[in-house]
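Dear colleague,

I am passing on the structure that we spoke about, and below it you will find a short account of what was found. Please read it with the sequence beside you.

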Amino acid sequence: MHLGLDEPVRECQYNQICTHNSSSMETSGHKKKRTPRRKWQIFPGRNRFYCNGRVMMARQTGVFYLTLVLIMVTSGLFFAFDCPFLASNLTPAIPVIGGVLFVFVLGMLFRASFSDPGVLPRATPDEAADLERQIDAANGPSGPGYRPPPRIREVVINGQTVKLKYCFTCKIFRPPRASHCSLCDNCVERFDHHCPWVGNCVGKRNYRFFYLFILSLSFLTVFIFAFVITHVILRSKRTGFLSALKDSPASVLEVLVCFFSVWSIMGLSGFHTYLISSNQTTNEDIKGSWSTKRAKDNYNPYSYGNILTNCCAALCGPLPPSLIDRRGFIQPDTPQPVSHSNGSSMYNSTQLHIHMAAATPLLHSNPVMMGGEGPTLPGKSSLGGPCASLAPSQPSLPSSMPGLGCAGDMLTLRDPDTHCHHHHFVSPEETPSPGPMPLTLPCPAHMTHGGHMNPAQLYDPASQDSLHEDSVRGLVKLSSV
């Protein structure tokens with residue numbers, strides 16, 4: 001068929017497809033997919049992660065290392081200069097008890113510093129948009145000069161009204177007793193405070209370890225301070241005070257460090273013992289959330305009314321799991337079919353892009369211009385024949401469509417199963433004659449001389465759905481070759 005053209009029909013060129021390159025590129029693609037990223041690598045908060053996400057700390061960790069150095073240096077001097085004399089002159093239990101306290105202090109410090117304090121996950125874009133719609137519907141229509149009310153919700157806990165504030169950073173209504181840490185940029189459940197000495201926030205999941213750390217550190221500080229003084233006194237009785245200081249110069253440094261730190265450590269331990277006994281947090285106590293100064297009938301709805309029960313609930317209760325799953329793998333977005341207007345199912349752009357990317361190795365790496373007329377599709381690869389050239393104003397056809405051959409001046413869409421032998425495109429002469437009639441489309445490469453093409457003739461809207469479905473099925477088959 002010549003469609004009124006005088007020039008002879010140009011033969012289409014068919015290029016053999018090399019399957020080695022495609023398999024190697026697919027193999028490299030599979031290797032990349034075998035190492036997915038974990039969630040801690042894209043965590044939105046200002047935190048540092050170590051050991052593949054197992055250790056979670058705040059970004060400012062300088063004071064934490066100072067705490068660690070003070071504990072280890074002071075304890076090391078005590079074990080090196082004081083314990084040998086005390087063990088030989090008093091009892092060998094002194095270095096044993098000191099060692100147990102030292103190990104327990106370090107264990108609680110690391111557990112409080114390296115744990116997730118109870119970070120609440122931020123809302124996804126869909127959840128945030130749905131919440132915004134709920135807020136707008138509750139506030140009603142807004143006019144000029146309208147000022148929306150504060151975003152607060154109220155819940156009743158044990159007869160006490162508790163306000164839930166909206167976090168504009170995390171896009172959620174914070175649960176009761178939760179607060180947003182400005183240093184870590186996270187909402188923390190049962191937020192107590194941000195402690196630079198442990199290098200982390202103190203919340204629901206690590207509060208007990210923080211309390212046990214400062215409590216055991218108080219005992220260790222008092223223990224070292226008392227027995228260093230005992231050591232100096234016993235040596236002074238034998239050789240004199242100045243000779244005792246010369247024999248054990250590290251004892252002076254230990255006394256100074258313990259003397260200036262014991263008061264703050266013991267005061268902090270006593271304050272948190274009061275908070276635990278009344279089931280309060282530092283944040284609530286500073287703000288006076290349950291103080292009777294706010295209202296006569298104000299009371300703490302979280303208290304069990306018994307000091308022992310409050311202590312057991314804070315220190316012996318079950319440890320809640322982490323909500324952020326920082327070591328979990330990032331799941332790729334699973335594209336879902338989008339419902340088309342005529343009731344058929346059409347793949348969305350993401351899924352079509354994945355299929356076309358899988359079939360890209362089967363095509364030429366560089367665009368090909370045949371005959372010097374008509375620009376090639378931008379960013380697309382050519383099949384190597386004159387049918388690869390399309391005018392920019394015409395609708396684009398999928399360049400990686402299987403079974404797309406050129407029969408003179410027609411684009412022929414054949415069944416992929418009839419010509420996939422030996423991994424090459426067959427020519428029109430080799431196409432078997434029996435069978436269903438192939439879908440033909442006019443080829444614009446042969447209409448550039450003395451003819452005009454209507455875009456509707458090139459891409460029939462009636463066959464749009466079947467064209468998409470056939471192209472996707474063909475891409476899947478070609479990519480599996």
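**What was found**

Over residues 209-233 the chain is 100% helix and 0% strand, with end C-alpha atoms 36 Å apart; here helices (H or I, at least four residues) and strands (E, at least two) are DSSP runs, numbered from the N terminus. This is a predicted model, in which local features need pLDDT of at least 70 and side-chain atom pairs count only at pLDDT 80 or more, while totals for chains, interfaces and linings use all residues. Residues are numbered from 1 along each chain as its sequence is written, and side-chain values use heavy atoms, with hydrogens and water left out.

Residues 63-81 are likewise 100% helix and 0% strand, and their end C-alpha atoms lie 27 Å apart.

Strands S3 (residues 152-157) and S4 pair in the antiparallel sense over six bridges, where pairing requires that DSSP finds at least two bridges between two strands. Val-155 has Val-162 in S4 as its bridge partner, and in the two-residue turn of this hairpin Asn-158 has a positive phi of about 55°.

A pocket is an open set of points on a 1 Å grid over the protein atoms alone, where a 1.4 Å probe fits, with protein on both sides within 12 Å along at least five of seven lines, and lining residues have an atom within 4 Å of a point. Of its 23 lining residues, Val-162, Lys-163, Lys-165, Ser-289 and Trp-290 lie nearest the centre.
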